[in-house]
Amino acid sequence: MNHILGIGRSGLNANQKKMDAVSDHIANVSTEGYKKKEVQFRELLSNEEQSVGVKSGVLKADYTQGALRATGYQWDMAIEGQGFFALTDENGNVFFTRNGAFQLSNDGILTDHEGNPLITNVQGIIQGEDFSVEDIPLFSVDNLQSLIHLGKGRYFPGEDGNLINSIENPDAFGKIQAGFLEESNADLTTAFTEMITTQRAYTLNSRTIQSTDDLMRLVNEMKR
Amino acid sequence: MIKSFNTLNKSMNVLQKKQETISHNVANVNTPGFKYQDVIQRTQESHDLVNFTAGRERNLRRPLGEWVFGNEIEGYHTSLQAGNFVKTDDPFDYVIAGEGFFTIQLPDGGTAYSRSGNFSLDQENRLVTMEGYPVIGITGGGQTISPIYGDSQGNLEANVNLLITGFPEGTELERFGETLFLNGENQGFQVETEAVKGYLEMSNVAISDEMVKLIQVAREFEANQKALMTSDETLNKAVNEIGRV
């Protein structure tokens, strides 16, 4: 009967992962540019008549627009619509983000609050030149679900480098609003509802484990 | 008495299978497109018992009547009741508002059917299920097409709809795991039901039913165990204590 315990355990693990994503969601309700993750449940493969349980994993992210909040700061930017800001990290790799809280460094380069420079030109970074907010290009990829989450609101577009940008395809992108920041797309009502459902499912799975445990105890007590 | 051990043993095996099925249903209470399963049991076929008597009528074949040796699993029944529809705003989530299944292409070339419309685009922009199997569609001209391509705006290629397959009433589909079903040679027929975008069909597991079944199985198992212990005790007396001086 051990495999029945395994089914219950798979239920517990799957709901635990969902709970982690929901907690992450609630914790990031004020993080600028945060995009919530979706946990999907799948029935595990069964061979013929043997049931095996359930599995969950983070397979999708929800890239819907967050609300815009006016800050009045000159270098705060929010994207209204599709697209990402592209920045380079210290190793020279490109990453995307929706978090538009930038500042001007001493060398006249726009960077984020950790000093990573913003790419302000399709060819590379312009240093010291006058640029206007409308000219900053937005970048994206064909398939949003292929973006790899790096944490801290950063997304890695993948090795292929097949990026589309707003200079060549203005229709596929949104506009940049200066003086605004995009808020998290977390929604507390949904998060709390999901928390309750997940908690219930967790309890139910632990109930089946308890019940199976009772059966196994009965089996063991057959011979005194 | 030995027969009673066998009967109870078989009964406990059936109960164990029931426990497994209930656990699987409960584990998948939040899996989209999941259909719950029930175990159907039956008694084994009865056998005619005979014996050959000793005594004055030695070696005479005497029929003793019919005997049923225990029960067994007849099969499994999948409930195709619809689950609740939930709005997700994901452009690649679909529900079928009515009868029918989504048609999925398996890697070995076979076809599978599913009620789970939890699709997304893979690296090559094909519409696939969560496991990566392409979804089969149908063009305006009636041609089946697979894979279907989509774009990042949430649209599919023009003039292509998802192929919805229906089956005659009472067809028992084979479970394949991953909320998919197979149907052997019977291909089913195309159904005109529409696939609605932006919604997802959740699991059809009824939690109260499953909890009651859990209680039933536990108590039945306990009853079987008590019967087994009593048989054991009786046999113990017959073997060890009869005729003890």
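Tutor: Lining the largest pocket are 41 residues, and those nearest its centre are K18(A), E194(A), V86(B), T88(B) and M202(B). A pocket here is an open set of points on a 1 Å grid over the protein atoms alone, with protein on both sides within 12 Å along at least five of seven lines; a cavity is a set of points where a 1.4 Å probe fits but cannot get out, and lining residues have an atom within 4 Å of a point. The volume of the largest pocket is about 1000 Å³, a volume being the space filled by probe spheres set on the points, which are joined across faces, edges and corners. The model is predicted: local features need pLDDT of at least 70, side-chain atom pairs count only at pLDDT 80 or more, and totals for chains, interfaces and linings use all residues. Residues are numbered from 1 along each chain as its sequence is written, chains are lettered from A and ligands numbered from 1 in the order in which they are written, and side-chain values use heavy atoms, with hydrogens and water left out.

At least two lining residues of the largest pocket come from each of α1, β1 and α2 of chain A and β5 (85-87) of chain B. Helices (H or I, at least four residues) and strands (E, at least two) are DSSP runs numbered from the N terminus. α2(A) contributes the most to this lining, eight residues. By class, the pocket lining holds 13 nonpolar, 15 polar and 13 charged residues; Ala, Val, Leu, Ile, Met, Phe, Trp, Tyr, Cys and Pro count as nonpolar, Asp, Glu, Lys and Arg as charged, and the others, Gly among them, as polar.

Next, the contacts between the chains. In chain A, 42 residues are in contact (heavy atoms within 4.5 Å) with 48 residues of chain B. The two chains bury about 3900 Å² between them, 55% of it on carbon and sulfur atoms; buried area is the accessible area (1.4 Å probe) that two parts lose on being put together, summed over both. Between chain A and chain B, 10 residue pairs are in polar contact, both residues at pLDDT 80 or more. A polar contact is a pair of N or O atoms within 3.5 Å; within protein, one must be able to donate a hydrogen and the other to accept it, and residues adjacent in sequence count only if both atoms are side-chain atoms. On the side of chain A that touches chain B, two or more residues come from each of α1 (2-27), β1 (37-43), β2 (54-61) and α2 (188-220) of chain A. α2(A) has the largest share of that side, 11 residues. That side of chain A comprises 15 nonpolar, 18 polar and nine charged residues.

Two salt bridges (a side-chain nitrogen of Lys or Arg within 4 Å of a carboxyl oxygen of Asp or Glu) cross the interface of chain A and chain B. One salt bridge joins E43(A) to R175(B), with the closest N and O atoms 3.2 Å apart.

The largest cavity holds about 60 Å³, and its lining residues include I104(B), F119(B) and E178(B).
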